[in-house]
Amino acid sequence: MAIKKVGVIGAGTMGQGIAEMLASKGLDVYVIESSEERLTYGMQMIELNLDKQIEKWALTQAEKKLILNRIHTCKNYEDLTTCELVIESITEDLESKKRVFKKLDEICDDNVIIASNTSTLSLTELASVTVHPERVIGLHFIYPVSKIDLVEIVRGLKTSDATFDATKEFVDEVIQKKGIMVFESPGFVTTRLICLFINEALHVLEEGVASAEDIDNAMRIGYSFQNGPFEMADRFGLDSVLAALDRMFREYGELKYRPSIVLKKMVRGGHLGVKSGVGFFKYDKDGDRI
């Protein structure tokens with residue numbers, strides 16, 4: 001099955017990145033959000049990101065226009081029925097995602113692949129509300145989507161070989177990223193390891209061993225990380241990091257996943273990173289560090 005039309009549910013940070021990346025690969029993308037305001041904001045952020053690429057000579061005005069013309073905003077789930085693949089990318093809330101999957105299962109043809117961009121939730125549990133759990137799969141993209149050439153393809157308990165094979169071909173051949181197969185496990189591979197890295201950096205900060213700036217520099221310069229653990233957490237969203245650690249702590253029951261108290265305080269104080277303009281560091285409205 002050739003995938004040419006892809007639905008994206010959710011126009012938050014990850015949904016924006018996924019939609020833009022898919023459109024840049026020549027696919028028609030249909031985006032839906034919970035409100036007109038959120039959808040408009042998501043499209044504005046996609047355009048802003050494209051403009052920033054133009055400023056850096058990474059994109060032309062003609063290419064920007066082509067990408068935007070391939071992204072179609074939708075008001076109803078029924079507008080997604082012509083898609084061969086639908087990717088859910090809403091907030092990491094199990095019940096909300098279940099409602100989305102139930103609705104998609106009702107309106108999509110049996111051969112449509114339904115994927116989730118979840119980083120921690122159970123694909124098997126999401127698939128449990130559908131009549132066709134064999135076509136449910138995980139497509140965990142990593143932020144920033146356009147720059148990271150890795151996708152975790154997550155198999156739930158009932159994901160069929162045909163669904164996996166078609167998804168793997170889509171990732172490898174169509175969007176030209178490296179797809180790795182992951183069997184369902186809380187946090188999968190990337191989230192599980194990177195959140196532990198961030199959490200340990202938080203403990204080092206708590207103990208007063210070094211400042212956030214110096215810890216970031218140590219890992220960025222010393223080990224060639226693109227971002228240090230604190231700027232990484234800011235860009236993921238501190239609330240998202242906290243939610244992932246909380247879920248893994250509950251699922252695994254191991255103390256190493258227990259979130260740092262510093263992380264909890266910052267989330268309670270609304271210091272969420274780039275999305276709020278302040279986390280461990282400060283950011284302007286374009287998401288650039290000040």
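In which loop does Phe188 have its place? In this predicted model, Phe188 belongs to the loop between S8 and H7. Its phi is positive, about 50°, although Phe188 is not a glycine. With a relative accessible area of 3%, Phe188 is buried, because the cut-off for that class is under 20%. A second residue other than glycine with a positive phi is Ser224, at a value near 60°. Ser224 is placed in the loop between H8 and H9 and is exposed, its relative accessible area being 66%. Most residues other than glycine have a negative phi, and most peptide bonds are trans. A cis peptide bond links Tyr143 to Pro144, with omega near -10°; Pro144 is part of the loop between S6 and S7.

The strands form an open sheet of eight, in the order S3-S2-S1-S4-S5-S6-S7-S8, and the pairing is mixed. At the edges are strand S3 (71-74) and strand S8 (178-183), each of which pairs on one side only. From one strand to the next, the twist averages 25°. Strands of a sheet pair through backbone hydrogen bonds, either parallel or antiparallel. Strand S1 (residues 5-9) and strand S4 (residues 85-88) run parallel and are joined by four bridges. Within this pair, Gly7 is opposite Val86 of S4. Helix H6 (residues 161-174) packs on the sheet, where it touches S1, S4, strand S5 (113-116), strand S6 (136-141), strand S7 (150-155) and S8. The direction of H6 makes about 175° with that of S7.

Leu59 lies in the loop between helix H2 (36-55) and helix H3 (61-70). Its relative accessibility is 14%, so Leu59 counts as buried. Leaving aside residues up to four places away in sequence, Leu59 touches Leu50, Gln53, Ile54, Lys64 and Ile67.

Two packed helices are described by the angle between their axes and the distance between the axes. For H7 and H8, the axes cross at roughly 135° and come within 10 Å; the two helices are therefore oblique to each other. The crossing of H7 with H8 is right-handed. On the H7 side, Phe197, Ala201, Val204 and Leu205 meet Ala212, Ile215 and Met219 of H8. By class, this contact consists of seven nonpolar residues, with no polar and no charged ones.

Helix H9 (residues 229-236) is mostly covered, with six of its eight residues buried. The buried residues of H9 are Pro229, Phe230, Glu231, Met232, Ala233 and Asp234. Their cover includes helix H7 (190-206), helix H8 (212-222) and H10. After H9 comes Gly237, which has a positive phi near 105°.

Helix H10 (residues 238-252) packs with helix H11 (residues 261-268) at an angle of about 130°, and their axes are 9 Å apart. This angle makes H10 oblique to H11, and their crossing is left-handed. H10 contributes Leu238, Asp239, Val241, Leu242 and Leu245 to the contact, while H11 contributes Leu263, Lys264, Met266 and Val267. The contact of H10 with H11 comprises seven nonpolar, no polar and two charged residues.

Key. Residues are numbered from 1 along each chain as its sequence is written. This is a predicted model: local features need pLDDT of at least 70, side-chain atom pairs count only at pLDDT 80 or more; totals for chains, interfaces and linings use all residues. Side-chain values use heavy atoms; hydrogens and water are left out. Axes are lines fitted to C-alpha atoms, for helices over the stretch in contact, and angles run from 0 to 180 degrees between N-to-C directions. Angles under 35 degrees count as roughly parallel, over 145 as roughly antiparallel, 65 to 115 as roughly perpendicular and the rest as oblique. A crossing is left-handed if the near helix is turned anticlockwise from the far one by less than a right angle, and right-handed if clockwise. Contact means heavy atoms within 4.5 Å. Ala, Val, Leu, Ile, Met, Phe, Trp, Tyr, Cys and Pro count as nonpolar, Asp, Glu, Lys and Arg as charged, and the others, Gly among them, as polar. Buried means under 20% relative accessible area, exposed over 50%, partly exposed in between (1.4 Å probe, protein chains only). Two strands pair if DSSP finds at least two bridges between them.
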